Amino acid sequence: MSVETILFFVLAAAALGGAANLIVQTHPIHSALSLIVVMVALAGIYLLLGAELLAAVQIIVYAGAIMVLFVFIIMLLNAGKEERTSISRAATWLGLPFAVVLTAVLGWRIAMAQPGPMAPGGEIPGTTRVLSQLLFTSYVFPFEMTSILILVAILGAVVLAKRDF
Amino acid sequence: MPLASYAVVLSAILFGLGALGFVFKRNIITIFMSIELMLNAVNLSFVAFSRLRLLLEGQVFVFFVIVVAAAEAAVGMAIILQVARNRHSLNIERIDLLKQ
């Protein structure tokens, strides 16, 4: 049991606890804080898997900007606890067992699968430099497309949130 | 078993939990957060497979997923704002104008 494995299981327990708390809590602000816990735990797992730049981007962008946006909106709209309404009978008796069975089968199949052929090369090279080289040479077209996508999203959000339509 | 295989199993469980939250919750913001949880689970599986296959393209794709999730969160929040202003409720059972 190396340190990496122990650390992975601690972070995985934190991620699973945060995800379970997200769907159990009634007030959306508690769910938002649980989601932040999940994202930070996932960033730690990315570090364990050798993706340093992605761990930093996850903390800065996902947990630091997107979740802050969520918390702003929850506080702006003064969202309260969910009310108690009844879920349909079919959803609980059919849906819940099916979801559990689906996740179990998925997890079991993945755990029993043999890993595919590894690309030659051995160890992963230093990621940040190679990653940015990939991003700006082979994948520069999707990169520019995503910047246009963000521009469109900004325009759309500004137009959609206007008070007088 | 290499560490990344455990990470793929964790990604499957997180995705299942996100799908559960998406189906069963009634507050529209919590549903949106379940979608973000599913996106994070998929990111984790991308990184795990990138580690298993020693191909860096998996991590490149995670960049794009994060960018698209940010754009979607911005537009989704604007829509939720308008919906909350018009229907004065965040409960999806009150937002059913298209229902018969």
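1. B:Asn40 counts as buried because it has 28 C-beta neighbours inside 10 Å (buried means 20 or more other C-beta atoms within 10 Å of the residue's own, exposed 12 or fewer, and partly exposed in between, with C-beta atoms placed from the backbone). This residue has its place in helix H2 of chain B, where helices are DSSP runs of H or I with at least four residues, numbered from the N terminus.

2. The model is predicted, with local features needing pLDDT of at least 70 and side-chain atom pairs counting only at pLDDT 80 or more, whereas totals for chains, interfaces and linings use all residues. Residues are numbered from 1 along each chain as its sequence is written, and chains are lettered from A and ligands numbered from 1 in the order in which they are written.

3. Leaving aside neighbours within four places in sequence, B:Asn40 is in contact with A:Val38, A:Met39, A:Leu42 and B:Leu14 (contact means C-beta atoms, placed from the backbone, within 7 Å). The C-alpha atoms of B:Asn40 and B:Phe15, 25 residues apart along the chain, are separated by 8.2 Å.

4. The contact between the chains takes 69 residues from chain A and 60 residues from chain B. Helices of chain A that each supply at least two residues of the side touching chain B include H1 (3-24), H2 (28-48) and H3 (52-76).

5. Chain A is divided into domain 1 (1-82) and domain 2 (125-165), with bounds that come from an automatic or database domain assignment. Taken over C-alpha atoms, the centres of these two domains of chain A are separated by 22 Å.

Technical notes
Two residues are in contact if their C-beta atoms, placed from the backbone, lie within 7 Å.
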